[in-house]
Protein chains: 2
Amino acid sequence: MTGKDDKKDFRLSCPIPITEYPHIVLGHGGGGTLSHALIEKMFVPAFGNPYLDARHDGAVFDVDKSKLAFTTDSYVVRPIFFPGGDIGSLAVNGTVNDLAMCGARPLFLSAGFVLEEGLSMESLWRVVQSMAKAAKEAGVSIVTGDTKVVDKGKGDQVFINTAGVGILESPHPMTPKNVRVGDAVLLSGDIGRHGMAIMARREGLEFETEIESDCAPLADLVMTLIAEKINVHCLRDLTRGGLASAAIEIAESAGVQIDLDERDIPVSGPVRAACEVLGLDPIYVANEGRLIAFVPEDEKDRALDIMRAHREGRDARSIGRVVEGRTGLVTIRTQIGTRGIVDMLSGDQLPRIC
Amino acid sequence: MTGKDDKKDFRLSCPIPITEYPHIVLGHGGGGTLSHALIEKMFVPAFGNPYLDARHDGAVFDVDKSKLAFTTDSYVVRPIFFPGGDIGSLAVNGTVNDLAMCGARPLFLSAGFVLEEGLSMESLWRVVQSMAKAAKEAGVSIVTGDTKVVDKGKGDQVFINTAGVGILESPHPMTPKNVRVGDAVLLSGDIGRHGMAIMARREGLEFETEIESDCAPLADLVMTLIAEKINVHCLRDLTRGGLASAAIEIAESAGVQIDLDERDIPVSGPVRAACEVLGLDPIYVANEGRLIAFVPEDEKDRALDIMRAHREGRDARSIGRVVEGRTGLVTIRTQIGTRGIVDMLSGDQLPRIC
């Protein structure tokens, strides 16, 4: 009897109601409300510590006399090779970018491979070479690693985890808490390329111009803004859930409202066409080489000049601003001039996009 | 034509002969010669840097004014719950131990989950709670994380990657290069529990006494040796490939011969019985809470006293010594007094053991 009661108590102690969600669904990894519930209700309370509480792309802490940033991501993108990149370049740039979003200079990466029995050696070699090239371009060293192999049918070719260590270069930790009413929201370039490159490949869509992923390292762009003494309040790369999810997360964490203007958000012709075919809104589509930066209004023009002079920010725009209003609300002025509310997606708009 | 030649050149450039190994096999993750070939021929040259060249459980480097250690491991153990632990406690202790083997005090961990669609929420909750408990016991904080979900049939319940950051406490980096002829080889306790706990569960073997995994954090034991000023030359935890692989790897890296004595190596009755049933030699079986330490002969007795006073080293023994002889050779004096050579296993003795 005791065992049965214990089991019942255990089930009741689960912070995600087991009766409602007895199993993990794809949406728990999609960057929307289900992902958030898992993080906020289960992981953060269970592992509870002040670093996790910052709710950022990485943790920032002091070790000895140094201020470091530390972050991790697992990559399960499918297909593993896609226009503009592959799971290897993605695994390096994704983690490099998460460190940069903390205001840190990426230094060292780890690489953990979970290989499926039967993966072609040639594919692994291509992925490894791509990682080496991306690491060189981003100026980081892959210093430690691990390889596991799972039986055929228990994995999917290759999953890669990278964790990264960097040194904080910004004068203050860049967290959503620093966002202020009046801040301008700057976007580094056109959105939707990565998600649409993957989806077009998966769905067999063909356009006149092939859509290439925007997969790129953003650390140098961020270091340049810091070196030029732009007082960047907060940064976020626009991965799973896209621009919309990034803006909502920051509005919630910062306790502010953010107003965006769709007419200022660049979307390339092929991405727009692919989104229309698939019935998707580009503001929800994943990017792997785009960021938003929150800067004081009076530094906006100088910040844009610096970004536009950089390879990874040449199409930078100001796309909105932080206003007083309702905490966590993100609004968007549409192409036709009406203003709507940007909702967090519940699940996975595009599964296994990164 | 060019494309075809390029493809041929690319295949020829692969450092693992594609004609011989066209695909990844389970042995590439097993810790034996196939794993080693992948690491030594592909990963190390491709990512080439001095940190990887140290061939250790983790990388040690300077950041700013601090000397840090950094390591990663992915955990794919099956079943995810086993006597004495689960994939969660394993993922924390395994990475804590890899940091400790560098002579570092573990401080911060990352956690990257790859969940299979359909995993029961209850299982995830059990694993998360187990990780939190193990982290608390080992004195580390899980400060950053990531969750991905893959479609049903493309994963196996849950894979966890943990990376860890620690601060170097030993006066010198503990690498195999410090091993000296004359060093004593100390073993912290009886071997084979983890591997046999998993195999007994998988094979449905039942013994009078259930075999429990030795899964435990070893950092405090290592920090105690360092605090007591034992001049530890090198440490290695006895995971995949067991005592045999650890000894061979160190003999190779250090350029020495190691002589072991089987009569001094403790193996519990149930582990010995299970090994006999399955036709395995306990020196190849994985452990998750055991280490070998190389110390100068004249510090051996004091080191053993310190280890035996510690919970994780109470059955510590001296099991052999480093001798002049053939580089990379490990010999063992058997129960009946003859001396044999310990070979590196080619593949995976026990797949998905960690």
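**A sheet in chain B, and what comes with it**

Chain B has an open sheet built from five strands, running in the order 1-2-7-5-6, with mixed pairing. Keep in mind that this is a predicted model.

- Which strands sit at the edges? They are strand 1 (59-63) and strand 6 (141-150) of chain B, and each of them pairs on one side only.
- Going from one strand to the next, the twist averages 20°.
- Strand 5 (residues 104-116) and strand 6 of chain B pair up in the parallel sense, and nine bridges link them.
- For a spot to look for, find B:Phe108, which stands opposite B:Ser141 in strand 6 of chain B.
- Helix 5 (residues 121-138) of chain B packs on this sheet, where it touches strand 5, strand 6 and strand 7 (158-168) of chain B. The direction of helix 5 makes about 175° with that of strand 5 of chain B.

**The seven-stranded sheet of chain A**

- Over in chain A you'll find an open sheet of seven strands, ordered 9-11-8-12-10-13-14, and its pairing is mixed.
- The edges of this sheet are strand 9 (234-237) and strand 14 (339-341) of chain A, each with pairing on one side only.
- Here the twist from one strand to the next averages 25°.
- In what sense do strand 13 (residues 330-333) and strand 14 of chain A pair, parallel or antiparallel? They pair in the antiparallel sense, over three bridges.
- To see this pairing residue by residue, look at A:Ile332, whose bridge partner in strand 14 of chain A is A:Gly340.

- The peptide bond that runs from A:Arg78 to A:Pro79 is cis, with omega near 0°. You can find A:Pro79 in the loop between strand 2 (66-75) and strand 3 (81-82) of chain A.
- In chain B, B:Arg78 and B:Pro79 are joined by a cis peptide bond as well, with omega about 0°. B:Pro79 lies in the loop between strand 2 (66-75) and strand 3 (81-82) of chain B.
- A:Gln157 isn't a glycine, yet its phi is positive, near 65°. This residue is in the loop between strand 6 and strand 7 of chain A.

**How the two chains are related**

- Two copies of a chain are related by a rotation about an axis and a shift along it.
- To superpose chain B on chain A, you need a rotation of 180° with 0.0 Å of shift along the axis, and the RMSD comes out at 0.0 Å.
- Which C-alpha of chain B is nearest the axis? The one that belongs to B:Gly155, at 2.1 Å from it.
- Both copies use the same surface, as 100% of the contact residues of chain B recur in chain A.

**Where the two chains touch**

- How many residues are in contact? On chain B there are 88, and they meet 88 residues of chain A.
- About 7,500 Å² of area is buried between chain B and chain A, and carbon and sulfur atoms give 69% of it.
- B:Ile24, B:Met121 and B:Trp125 supply 11% of the area that chain B buries against chain A, which is more than any other three residues.
- Between chain B and chain A there are 25 residue pairs in polar contact.

**Charged pairs**

- Side chains of opposite charge can pair when their charged atoms come close.
- Over all chains, the structure holds 32 salt bridges. Between chain B and chain A, the count is eight.
- One salt bridge joins B:Arg352 and A:Asp151, at 3.0 Å from N to O. The pair crosses between chains, from B:Arg352 in the segment after strand 14 (339-341) of chain B to A:Asp151 in the loop between strand 6 (141-150) and strand 7 (158-168) of chain A.
- A:Lys148 forms a salt bridge with B:Asp73, and their closest N and O atoms are 3.7 Å apart.

How values were computed
Residues numbered from 1 in each chain as written. Chains lettered and ligands numbered in written order. Predicted model: local features only at pLDDT ≥ 70, side-chain atom pairs only at ≥ 80, totals over all residues. Heavy atoms only, no water. Pairing = 2+ DSSP bridges. Helix = DSSP H or I, 4+ residues; strand = E, 2+ residues; numbered from the N terminus. Axes fitted to C-alpha atoms, helices over the stretch in contact; angles between N-to-C directions. Least-squares fit on C-alpha atoms with pLDDT ≥ 70 in both. Contact = heavy atoms within 4.5 Å. Buried area = accessible area lost by both parts, 1.4 Å probe. Salt bridge = Lys/Arg side-chain N within 4 Å of Asp/Glu carboxyl O. Polar contact = N/O pair within 3.5 Å; in protein donor to acceptor, adjacent residues only side chain to side chain.
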